[in-house]
Amino acid sequence: MTSETPIPGPSSLAGDRRGSDATTPFAGGLLRVQTNPVFLPDQSDPDEREYVFGYRVRITNSTDRIVQLLARRWTIVDANGKTREVEGEGVVGRQPILGPGQFFQYESFCPLPTSWGTMEGAFSLRAREAAREGETASSLLDGPWPENFEARVARFYLVASESNVDAGTGAKA
């Protein structure tokens, strides 16, 4: 079943401490990674121990370099302490390139067998100097990318609120 529940943006979660905000110093600037999670009750089935959480990630490049996200690594821990490691190329099927001052935002989801858990991890990126006059997109991709670094994704919390799940029966509210 598809959920119509929108994932809240940064302003709608003001004061909510479930999301995270981490900065990684690089090339005289910062790469910032912000997360905002939300429980998706329409896609969850507590009676079957299936809890689905959506999350939005925003990556902002405040360096003087062009950066490309190459891979992701997540550590996911459920309420029982079971840890799952997830690694893969890019995010949501893409390896975005961000120029100085640009951002990339995406949404994804994480199923858990418990009503709460955590996620944290890192993005592997490569970097190069900003494009020079006359440089094409093709020459940019084929040119040298001499710098590699990791940007931290701080721990964020996946929590099914009691208003969405009846604690006594596990039934959806």
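The exercises below concern salt bridges and a surface patch in a predicted model.

**Exercise 1.** Determine which parts of the chain are linked by the salt bridge of Asp 21 and Arg 32.

*Solution.* Step 1: the side chains of Asp 21 and Arg 32 meet at 2.5 Å, N to O. A salt bridge requires a Lys or Arg side-chain nitrogen within 4 Å of a carboxyl oxygen of Asp or Glu, so the pair qualifies.
Step 1: Asp 21 belongs to strand β1 (residues 20–26) and Arg 32 to strand β2 (residues 29–39), eleven residues apart.
Step 2: Asp 21 is partly exposed at 41% relative accessibility, and Arg 32 is partly exposed at 34%.

**Exercise 2.** State how many salt bridges a search of the whole structure finds, and examine the pair Arg 73 and Glu 150.

*Solution.* Step 1: the search finds six salt bridges.
Step 1: in one of them, the side chains of Arg 73 and Glu 150 meet at 3.1 Å, N to O.
Step 2: because Arg 73 lies in strand β4 (residues 65–78) and Glu 150 in strand β9, this pair ties together parts that are 77 residues apart in sequence.
Step 3: Arg 73 has a relative accessible area of 32% and Glu 150 one of 38%; Arg 73 is partly exposed, and so is Glu 150.
Step 4: elsewhere, salt bridges with shared partners join Asp 64, Arg 65 and Glu 147 into one network.

Notes. Residues numbered from 1 in each chain as written. Predicted model: local features only at pLDDT ≥ 70, side-chain atom pairs only at ≥ 80, totals over all residues. Heavy atoms only, no water. Helix = DSSP H or I, 4+ residues; strand = E, 2+ residues; numbered from the N terminus. Buried < 20%, exposed > 50% of the residue type's maximum accessible area, 1.4 Å probe, protein only.
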